[in-house]
Amino acid sequence: MSGFPGVDGFLGTRASLAMDMMVLVMALVVVVLAWSVYAVRSRRKFRWHKVAQILLGSGLLVAVVLFEIDVRFNGWQDRAAGVVGGSASAAVWTALIVHLACAVFSVALWPVVIVRAVRAFGSPPEPGAHSASHRRWAPIAAIGMTLTAVTSWVFYVLAFAV
């Protein structure tokens with residue numbers, strides 16, 4: 001045990017188990033998101049895309065809720081500072097603010113894109129009247145989620161690995 005609140009992580013940094021898990025979850029999200037976009041754009045696998053997006057959205061919601069519970073109970077600043085009672089550096093706070101801006105944008109947009117698509121495309125999903133709107137907003141949501149992942153990794157490295 002490191003003396004920090006919460007359960008220690010497994011990636012060899014000062015991060016907690018919840019932080020380490022979210023780093024891996026966000027990597028998985030980016031990979032599955034890329035595969036899902038490829039499946040629908042190149043292979044026209046509309047059902048696979050739909051299922052992947054619903055599972056990603058649901059799974060990420062559960063992971064973020066569990067992560068937030070852990071952070072509320074155990075905090076993160078002591079681990080980021082490297083000492084109990086410490087404070088995170090200005091660079092860490094800046095990285096966190098950038099990450100939260102991306103995350104809030106993604107959390108607001110991604111579910112809207114998913115819900116509108118589920119309602120508009122039906123079952124089985126097929127291109128239709130909603131396609132133009134979906135082609136406009138879905139890439140923005142995907143870019144937002146990718147930026148959320150990348151900024152989370154920057155925050156993680158600055159806070160727990162440096």
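In this predicted model, the buried residues of helix 1 are Ala18, Met19, Asp20, Met22, Val23, Met26, Val29, Leu33, Ser36, Ala39 and Val40. These buried residues of helix 1 pack against helix 2, helix 4 and helix 5. The length of helix 1 can be checked by a simple step of reasoning: at 1.5 Å a residue, its 25 residues should span 36 Å, and because its end C-alpha atoms are 36 Å apart, the expectation and the model agree.

Helix 2, which covers residues 46–74, can be treated in the same way: its 29 residues should span 42 Å at 1.5 Å a residue, and its end C-alpha atoms are 41 Å apart, which agrees. The two checks are set out below.

The buried residues of helix 2 are His49, Ala52, Gln53, Leu56, Leu60, Ala63, Phe67, Asp70 and Val71, and they pack against helix 1 (17–41), helix 4 (90–121) and helix 5 (131–161). Helix 2 is followed by glycine 75, which has a positive phi, near 70°.

How do helix 1 and helix 2 lie relative to each other, roughly parallel or roughly antiparallel? Their axes come within 10 Å and cross at roughly 165°. Because angles over 145 degrees count as roughly antiparallel, helix 1 is roughly antiparallel to helix 2. The crossing of helix 1 and helix 2 is left-handed. Among the residues that make this contact are Met22, Met26, Val29 and Leu33 of helix 1, together with Ala52, Leu56, Leu60 and Phe67 of helix 2. When the residues of the contact of helix 1 with helix 2 are sorted by class, 20 are nonpolar, 3 are polar and 1 is charged.

A second pair is formed by helix 4 and helix 5, which pack at an angle of about 150°, with their axes 7 Å apart. Helix 4 and helix 5 are therefore roughly antiparallel to each other, and their crossing is left-handed. The residues of the contact of helix 4 with helix 5 divide into 23 nonpolar, 9 polar and 1 charged.

Key:
Residues numbered from 1 in each chain as written. Predicted model: local features only at pLDDT ≥ 70, side-chain atom pairs only at ≥ 80, totals over all residues. Heavy atoms only, no water. Helix = DSSP H or I, 4+ residues; strand = E, 2+ residues; numbered from the N terminus. Expected span 1.5 Å × (residues − 1). Buried < 20%, exposed > 50% of the residue type's maximum accessible area, 1.4 Å probe, protein only. Contact = heavy atoms within 4.5 Å. Axes fitted to C-alpha atoms, helices over the stretch in contact; angles between N-to-C directions. Parallel < 35°, antiparallel > 145°, perpendicular 65-115°, else oblique. Left-handed = near helix turned anticlockwise from the far one by under 90°. Nonpolar A, V, L, I, M, F, W, Y, C, P; charged D, E, K, R; others polar.
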